[in-house]
Amino acid sequence: MDGVSGERYTYGDTELAAERLALVARVFEPATRAFLERTAPPPPGLAYDLGCGPGLTTRLLRAAIGAVRAVGLDRSGPFLERAAHGAPGGVTFRAHDVREVPFPEGLADLIYCRLLLSHLVDAPALVARWATQLAPGGLVLLDELEAIDTSDPVFRSYLDDVANPVVEAQGARLLVGPVLAAMPDPPGLERVADDVATFAPPATQSARIFGMNLAVLVAREEVPARPALAADLAAIAAGERAAAPVVWRMRQIALRRSAVSGRSATGSAPGLG
Ligand SMILES: C[S@@+](CC[C@H](N)C(=O)[O-])C[C@H]1O[C@@H](n2cnc3c(N)ncnc32)[C@H](O)[C@@H]1O
């Protein structure tokens, strides 16, 4: 399994998993772009995108805030291969387990992650470790799930009976946003922004995302087949069955390292193993 609890990322790195992330990217992009534009410094020299998957968020670091070098880190070979395909200048990718420091290209002006900490154990300790990889004045930007609100019984069944239990079985928290909101700021960092972005795409899109997640989880034998739930999600996705939209909420936190710092790049922050 994934995170400190294991070795696999919940939703895998197959063709279907990549298609799912492409849809996620389209649905989430406006909220992500707004977060980056409002919090990022003048164009960062080096920006890491942790758990970059097929690299759509990495490209956004360059397109939205003009990172001179945007480096996506992921441990999935297939995702990295896909990410590198046709990548624009200044956007590169490296195989790296983001639980480990130092990061491979040195200290960064910006470290960004989206939809990653839901899959990793002990998010606050990881954020503190990542903070050691910032240059003085650098920023960590966390863009993670705060809530997925819905009263629709089909969506609820997917979330309550499939998604949450799978992530919890790995020792992680799907809705990790509240944990990040409550954590103390890592040593040497100051919280300069902490907001929740809300968006409600059409129910058809949320149903497609959930349906693809379910298909991937069943294919990986993480959950038993749920044909009735899959059919209900497919019917909503096709517009054949009405459903209320899902309201997605993203916790968006910016932490800044003070402009003067003596911290080393080896991750030797006090209290971190
Ligand atoms: C939900 S995807 C998010 C992808 C991208 N950030 C986005 O928002 O579209 C999570 C990604 O984190 C990667 N991942 C999970 N655990 C990781 C680890 N320990 N080190 C590096 N990458 C990891 C997975 O391979 C996957 O690509």
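Reader: Is C52 buried or exposed?
Author: Bear in mind that this is a predicted model. The cut-off for buried is under 20% relative accessible area. C52 has a relative accessible area of 4%, so the call is buried.

Reader: And how many disulfides does a search of the whole structure find?
Author: A bond would need two cysteine sulfur atoms within 2.5 Å. The sulfur of C52 has its closest cysteine sulfur in C113, 12 Å away, so that is too far for a bond. C113 is in no disulfide either, and the number found across the whole structure is zero.

Reader: What about C113, buried or exposed?
Author: Its relative accessible area is 0%. With under 20% as the limit, C113 counts as buried.

Reader: On to the rings. What kind of aromatic pair do Y48 and F103 form?
Author: The search of the whole structure turns up six aromatic pairs, and Y48 with F103 is one of the pairs. Their centres are 5.1 Å apart, with 75° between the planes. Planes over 60 degrees apart fall in one class, so this pair is edge-to-face.

Reader: How many residues apart are Y48 and F103?
Author: Y48 sits in strand β1 (residues 46-50), while F103 is in the loop between β3 (91-95) and β4 (108-114). Y48 is buried at 0% relative accessible area, and F103 is buried at 4%. The pair links distant parts of the chain, and the separation is 55 residues.

Reader: And the rings of Y158 and F210, what type of pair is that?
Author: Y158 lies in helix α5 (residues 153-169) and F210 in helix α7 (residues 203-219), so parts 52 residues apart in sequence are tied together. Y158 is buried at 1% relative accessibility, and F210 is buried at 1% as well. The ring centres are 4.6 Å apart and the planes are at 20°, so the pair is stacked.

Reader: Which residues form one aromatic cluster?
Author: Y158 and F210 both belong to it.

Reader: Last one: how is α1 oriented relative to α7?
Author: The axes of α1 (residues 15-39) and α7 come within 10 Å and cross at roughly 155°. The contact involves, among others, L16, L23 and V27 of α1 and I209, M212 and V216 of α7, and the crossing is left-handed. Angles over 145 degrees share one label, so α1 is, relative to α7, roughly antiparallel.

Key. Residues are numbered from 1 along each chain as its sequence is written. This is a predicted model: local features need pLDDT of at least 70, side-chain atom pairs count only at pLDDT 80 or more; totals for chains, interfaces and linings use all residues. Side-chain values use heavy atoms; hydrogens and water are left out. Buried means under 20% relative accessible area, exposed over 50%, partly exposed in between (1.4 Å probe, protein chains only). Rings of Phe, Tyr and Trp (its six-membered ring) pair if their centres lie within 6.5 Å; planes under 30 degrees apart count as stacked, over 60 as edge-to-face and the rest as tilted. Helices (H or I, at least four residues) and strands (E, at least two) are DSSP runs, numbered from the N terminus. Axes are lines fitted to C-alpha atoms, for helices over the stretch in contact, and angles run from 0 to 180 degrees between N-to-C directions. Angles under 35 degrees count as roughly parallel, over 145 as roughly antiparallel, 65 to 115 as roughly perpendicular and the rest as oblique. A crossing is left-handed if the near helix is turned anticlockwise from the far one by less than a right angle, and right-handed if clockwise. Contact means heavy atoms within 4.5 Å.
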